[in-house]
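I opened my notebook to look through this structure one item at a time. Here is what I looked up, in the order I went.

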Amino acid sequence: MPSLPTFSSNKSSENLIVSIWMIFCFLTLIYKLGEIPPYHADENFYVESSLRMVESGDYITPVYHEKKRFAKPILYYWMVVSSYKVFGVSLASARLPSVVFGTLSIGLVFLLGCRLFDSRVGLFAAFILPSIYLHFQIARWATTDMALGFFILLSFYYFTLLFKSSFQSNTYACLFYIAMGLGFMVKGPPAILIPGLTIIGFLIATKQRSLFAELHLGKGFLILLIIILPWFSAMLLMHGEEFKNHIVGNEIKNRLVHDIPFSFYYFVVLLRYQLPWSIFFLCSFLTQLGFFSYTRKNGMTLAEQVKEFGKNVGKNIKQLFEEVNQPIAFCYLWILVCLILFTLLRIEHSRYMLPGCPPLALIVARMFVEVEKNSGQQKIFGFNFSRITSASLFLIFSVLASIGIFLMGAVSILSFLLPAVGIFAVVSLVLNARVESIQKMVVSMAIALVLIFASISGDVLPFSNKYPMKKFANKLNEEKFKGPIAVYQLGSHRARLGILTGRMVTMVNSPEEVETLAESGRRFYLVIKETEFKKHFSQLNLNITSEDQIRKKSRTKLISFSDLLDVKKMREKINLTETVYFVSNN
């Protein structure tokens, strides 16, 4: 095993370790940042609208696809515009604000861990947070989610400082409300609801209702108004009923009143998108509630055993809110508020659970520290199970990655390291079973996961998707062509091309729409499959300016075990492509 650093209790050493880790994570986050996959279609809103602001000089009203967009406040658009101004217009520039906030969140969760628990928990949490898939991936998207998550985390940090100062610091109180206000101007109400509901629930559950009067609510309300009102007032004055109807209709009524059924979607997201750390989280949660400490008594009926077990769980829940356990209770409430809030809204987007990543990292970090303090994993039942399960997941990943790279062909040098990195994590989890080796296990897992995510995001997915639309986007960007641009029956490729160019890209679905576009007299570009072009449009006066290959979904299925052993057949199936044309009327 390679020698990994030993954490020092010296404050300057801790700060240096976290700083170096933040730099490492920043470099992995910006690795091939401008490559398209994986992407989110919502990136279109901010890439295109921000470019429109730069070109038009209107920095007040976002415009998307020639329509005013009031869905989100203005702050994140300004962040992307600022990045465009400093680094030039590109997809990497548009995504850079999220990278910055994703990196800053690492240092912030360290500081929060130090305040809530101790520096050891803070250090472990700082390593865990960026190695959570949800955090790493969203930090590479040009969407509002990472900036929102940062300001929510910042508001919790300042509340913690305010709480620790016995609510005597006006500075911390002001900064607490400023953080919520800035978060609101990024993405709206969640920036206030998540911290607000968590804090209210915490003060009620810990029987500290008297502290409500110490929250400086009047001052806080005034600060929020000062931050929020200017842009909303400007929009109301400039756009009147159009703006008001959108806020009342789309942003309030439509989000609260609908017939979408309730589901446990976000509970699954909490466990699925935060693997393997969520396995340790589940172990910690069940341990905290006393699921593993219950001892069955002889002579009791099943009903009596269930009742006794319930009492044991209830006793542990009460203990959770005692003063010594209040920091961990605070983290659980934080996650619970996220789960309940978005479940009630019934809008299923995995990225909405991003604000739940820091408290999960803190809870898992605290568990590792408790294992060290207890001088043996056996005192936390299920820890070894979590460790072995995590090692198994890494092993499965390494095997699948090896098979995938072999079948797809060369991707990059870093991609070939994927199986090796997975095996490194397996070895670390297996060998570092002793208490004094916990930190090596945490650090090695974190490094392995960050490297894996960086390679998958920057190398594997772009290669396996054949860099869809990149060649055509480069041509549009070189010409600074503003439109019209369209794709013919190509589904998600419309969003990809829009994100890569920052331009409005429309979808056309019938030959009549293409003919109308061709007869308009305006120069345009159209992306179309070779088969569709030859079938419907070869007679039109359209020039093929470029062509490329995109991934084609095979309609045939492997029907026998022998097919799985046929390497040639598997490679053909996995690497199946089709030609697309980039055509123009001039």
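**Confidence.** I started with pLDDT, as this is a predicted model. I found a mean pLDDT of 84 for the protein, with 87% of its residues at 70 or more. Then I asked which elements have the lowest and the highest mean pLDDT. Helix H23 (residues 561-565) has the lowest, at 54, and helix H4 (residues 91-116) has the highest, at 96. I also marked residues 1-8, where pLDDT stays under 50. For that stretch the model has 21 contacts beyond four places in sequence.

**Overall make-up.** I noted 24 helices and seven strands in the secondary structure of the protein. The protein has 586 residues, and buried ones make up 53% of them. I next took the contacts with a separation of 6 or more: 78% of these are between residues 24 or more positions apart.

**H2 against H20.** I picked a helix pair and reminded myself that two packed helices are described by the angle between their axes and the distance between the axes. Helix H2 (residues 43-56) packs with helix H20 (residues 493-501) at an angle of about 35°, and their axes are 8 Å apart. The crossing of H2 past H20 is left-handed. Which residues make the contact? From H2 I listed Glu 43, Asn 44, Val 47 and Leu 51. From H20 I listed Arg 494, Ala 495, Gly 498, Ile 499 and Thr 501. Sorted by class, the contact of H2 with H20 has four nonpolar, three polar and two charged residues.

**H11 and its buried side.** In helix H11 (residues 265-272) I found Tyr 266, Val 269 and Leu 270 buried. Why do they sit on the same side of H11? They cover an arc of only 100° around the axis, and therefore share that side. I then looked up what the buried residues of H11 pack against, and got helix H12 (277-288), helix H14 (326-345) and helix H15 (357-373).

**Pro 276 and Ser 390.** In the loop between H11 and H12 I came to Pro 276. The peptide bond from Leu 275 to Pro 276 is cis, with omega near -5°. Pro 276 also turned up when I checked Ser 390, as one of its contacts. Ser 390 lies in helix H16 (residues 383-408). Is Ser 390 buried or exposed? Ser 390 counts as buried because its relative accessibility is 0%. Neighbours within four places in sequence aside, Ser 390 is in contact with Pro 276, Ile 279, Phe 280 and Leu 429.

**Lys 85.** I moved on to helix H3 (residues 75-87), where Lys 85 has its place. Lys 85 is exposed, as its relative accessible area of 54% is over the 50% cut-off. Not counting residues up to four places away in sequence, Lys 85 touches Val 54 and Tyr 59. I checked the C-alpha distance from Lys 85 to Val 54: it is 8.1 Å, for residues 31 apart in sequence.

**Two positive phi values.** Most residues other than glycine have a negative phi, and most peptide bonds are trans. I flagged His 65, with a positive phi near 55°. His 65 lies in the loop between strand S1 (63-64) and strand S2 (67-68), and is partly exposed with a relative accessible area of 22%. I flagged His 216 too, where phi is also positive and near 55°. His 216 lies in the loop between helix H9 (190-205) and helix H10 (217-256).

Methods
Residues numbered from 1 in each chain as written. Predicted model: local features only at pLDDT ≥ 70, side-chain atom pairs only at ≥ 80, totals over all residues. Heavy atoms only, no water. Axes fitted to C-alpha atoms, helices over the stretch in contact; angles between N-to-C directions. Helix = DSSP H or I, 4+ residues; strand = E, 2+ residues; numbered from the N terminus. Left-handed = near helix turned anticlockwise from the far one by under 90°. Contact = heavy atoms within 4.5 Å. Nonpolar A, V, L, I, M, F, W, Y, C, P; charged D, E, K, R; others polar. Buried < 20%, exposed > 50% of the residue type's maximum accessible area, 1.4 Å probe, protein only. Arc of directions from axis to C-beta. pLDDT = per-residue confidence, 0-100.
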